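The sequence and the structure are shown first, and the description follows.

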Amino acid sequence: MYIEKIQSPVDLKGLDIDALKVVADETRAAVLNRVSKHGGHVGPNLGFVEATVALHYVFNAPEDKFVFDVSHQCYPHKVLTGRAAGFLGDVEDMNAISGYSSPAESPVYDNFEVGHTSTSISLATGLQKARDIKGTKENIIAIIGDGSLSGGEAFEGLDEASELGTGIIIVVNDNEMSIAENHGGIYKNLRALRESNGECNHNWFKAWGFEYKYLEEGNDIQKLIELFKTVKDTDKPTVVHIHTEKGHGFQPAIDNKEAWHWGMPFNITDGSRPASLHYESYEELFSNWMLKEMKSDKSLIAVTAGTPAAGGFSPKKRQEAGIQHIDMGIAEEQACAMSSGMAKGGLRPVWTVYSTFIQRTYDQIAQDLCINSNPAVINVMWGGTGTMNDITHICLFDIPMLCSIPGLIYLAPTTCEEYFAMLSWAVKQDKKPIAIRVPSNGVHHTSELVESEFSFTPKYKVAHKGSEVAIIAAGSFYQKAENVLMLLATKGINATLINPRYLNEVDATTLDSLKASHKLVVTLEDGCKDGGFGERIASYYGTSDMKVLVGGVKKDLYDRFDLNQLLSDNRLLDEQIVEDIIKIIK
């Protein structure tokens, strides 16, 4: 095999075209080996194999700088830059290699930690400016998929690259797909460019001031090499638009591009995955609820920003929803602002977004939504420790972020029934924007009566009244608190258990009522405790005699953490919480 011997792109330089085609085949096989055993991004990586081989053959990394957007197409790059063991070895070897561009893993060949989208051009313009100031001559190459072009930062990067006016190469990997289908006006021009072999009169990139080159055969190594040679060492802002096939070389990924964007391990022979037991998910429950409600309420709108799966909206369900489902591509800022506008216009939008991606639109939530008090609803999915764990995708910061914004009510349901009660109330009320942190620890049911009306001022729910110790546990950590309560009972401590429901403000009445019969309040939240819900309660009790133990995860940038170890390190295992409580009160 060639790739076992390739330690750097230099090893490609002496190979002829036939040998490079073998390298591409071996690289694709290595990518498939990894994703079939380890899981990961399948389709986008398979489609960019030939382009990666050609780029590394023509350019001279690490002197020439590659910046990958969102990193969904960086696996072949890793294979060719000394990390083939992470694709050819066993699962332990694979675990050592991130699924994203990472200087911590390869400071020589990976220039940035990149996992969110639409960032590559902006990052590359920084390298472009640095090169121009220093007077060096390296090529700066930004690689961006067509789906990522819908994000606002990509527009800003293009704007600045054109303004700088010096050499930068932007490779637009056009596979006609985002995670799902593309959405946005820019895709009309991309389609026209494809259909005209890059010759149509209206060229979006030329209008920005870029030199422009198009290649229809984006999976042809020889033609890619010829094309990249024509732009190497350019002194002008240049767009190289290549048409590739998402999933190229693996038929299941070609036939169902959305399903094979990312996936768990599978049978490499036929693409089948092990049969799994069906279990309830909030994604499926939410989309079913929305579709049912949409039939009687035409103002109810499901909103997504490039990730319709976050709300369980499969292609079939998107079709069923029709105009009552809107996906604006990978553009969270647009999703938030448009939701605000829809609410102002009398619609009832529910924007569903993963916790890690809501960070991309803080200003729009604060300015476009909350200052205007428009009653849009935000479903925050996967917030907490037990979901995504790559450094670029950790979901620990939504509570501190959203709770810092005045005018936003952030609710934390603890059960399925409570969630849908909150959701139903949120879409019917017309006073304020409401965010709901959908539980991320599985679907838990309750037979207890759940309130159907909520308030615009916080009111905690006392689930069990005891004395001496009160545990206030939000959302996904409520079941953990129930376990702690039972463990304390075995030690003769009858603790109070409180479901706060509201994360954004404290319920002063309930907190004050604890002072007479309690000496310790324990808060538990499934996320970053710095600036979070528990610290707000600790601040409220600051001048009193009440002791407060704030339970949550210490602020840090964690990468591919082990969940049990993370909980242990932060004293969040049930037994540790009990130990700490006893230590304080005894």
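In what follows, two residues are in contact when heavy atoms of theirs lie within 4.5 Å. The model is a predicted one.

**A residue of strand 17**

Lys 519 belongs to strand 17, which covers residues 518-528. Leaving out residues up to four places away in sequence, Lys 519 touches Glu 468, Met 546, Lys 547 and Ile 585. Its relative accessibility is 41%, so Lys 519 counts as partly exposed. Lys 519 and Tyr 212 are 307 residues apart in sequence, and their C-alpha atoms are 70 Å apart in space.

Most residues other than glycine have a negative phi, and most peptide bonds are trans. The peptide bond between Ala 61 and Pro 62 is cis, with an omega of about 10 degrees. Pro 62 is part of the loop that runs between helix 3 (49-58) and strand 2 (65-68).

The other two places concern phi. Val 70 is not a glycine, yet its phi is positive, at about 55 degrees. Ser 71, likewise not a glycine, has a positive phi of about 70 degrees. Val 70 is located in the loop between strand 2 and helix 4 (75-79), and Ser 71 is also placed in the loop between strand 2 and helix 4. Are these residues buried or exposed? Val 70 has a relative accessible area of 9% and is therefore buried. Ser 71 is buried as well, because its relative accessibility is 0%.

How are helix 1 and helix 11 oriented to each other? Helix 1 (residues 17-38) and helix 11 (residues 221-231) pack at an angle of about 110 degrees, and their axes are 10 Å apart. The two helices are therefore roughly perpendicular to each other. Helix 1 contributes Ile 17, Leu 20, Lys 21 and Ala 24 to the contact, while helix 11 contributes Ile 221, Gln 222 and Ile 225. By class, the residues of this contact are five nonpolar, one polar and one charged.

Helix 11 also holds Lys 223. With a relative accessible area of 35%, Lys 223 is partly exposed. Apart from residues up to four places away in sequence, Lys 223 touches Leu 215 and Glu 217. The C-alpha atoms of Lys 223 and Ala 51 are separated by 9.8 Å, although the two residues are 172 residues apart along the chain.

**Cavities**

How many cavities of 30 Å³ or more does the structure hold? There are two. The table sets them side by side.

| Cavity | Volume | Classes of lining residues |
|---|---|---|
| Largest cavity | about 180 Å³ | five nonpolar, 10 polar, three charged |
| Second largest cavity | about 30 Å³ | five nonpolar, one polar, two charged |

The largest cavity is lined by 18 residues, of which Val 70, His 72, Gly 145, Ser 148 and Met 177 are the closest to its centre. The lining of the second largest cavity consists of Ala 61, Pro 62, Asp 64, Lys 65, Phe 66, Val 108, Tyr 109 and Asn 111. Ala 61 and Pro 62 are the residues joined by the cis peptide bond.

**Two further residues**

Ser 102 is in the loop between helix 6 (91-95) and helix 7 (120-134). Ser 102 counts as buried because its relative accessibility is 2%. Setting aside neighbours within four places in sequence, Ser 102 is in contact with Asp 110, Phe 112 and Glu 113.

Asn 288 lies in helix 13, which spans residues 282-296. At 35% relative accessibility, Asn 288 is classed as partly exposed. Between the C-alpha atoms of Asn 288 and Gly 311 there are 9.7 Å, and the two residues are 23 residues apart along the chain.

Conventions
Residues are numbered from 1 along each chain as its sequence is written. This is a predicted model: local features need pLDDT of at least 70, side-chain atom pairs count only at pLDDT 80 or more; totals for chains, interfaces and linings use all residues. Side-chain values use heavy atoms; hydrogens and water are left out. Helices (H or I, at least four residues) and strands (E, at least two) are DSSP runs, numbered from the N terminus. Buried means under 20% relative accessible area, exposed over 50%, partly exposed in between (1.4 Å probe, protein chains only). Axes are lines fitted to C-alpha atoms, for helices over the stretch in contact, and angles run from 0 to 180 degrees between N-to-C directions. Angles under 35 degrees count as roughly parallel, over 145 as roughly antiparallel, 65 to 115 as roughly perpendicular and the rest as oblique. Ala, Val, Leu, Ile, Met, Phe, Trp, Tyr, Cys and Pro count as nonpolar, Asp, Glu, Lys and Arg as charged, and the others, Gly among them, as polar. On a 1 Å grid over the protein atoms alone, a cavity is a set of points where a 1.4 Å probe fits but cannot get out, and a pocket is an open set with protein on both sides within 12 Å along at least five of seven lines; lining residues have an atom within 4 Å of a point. Grid points are joined across faces, edges and corners, and a volume is the space filled by probe spheres set on the points.
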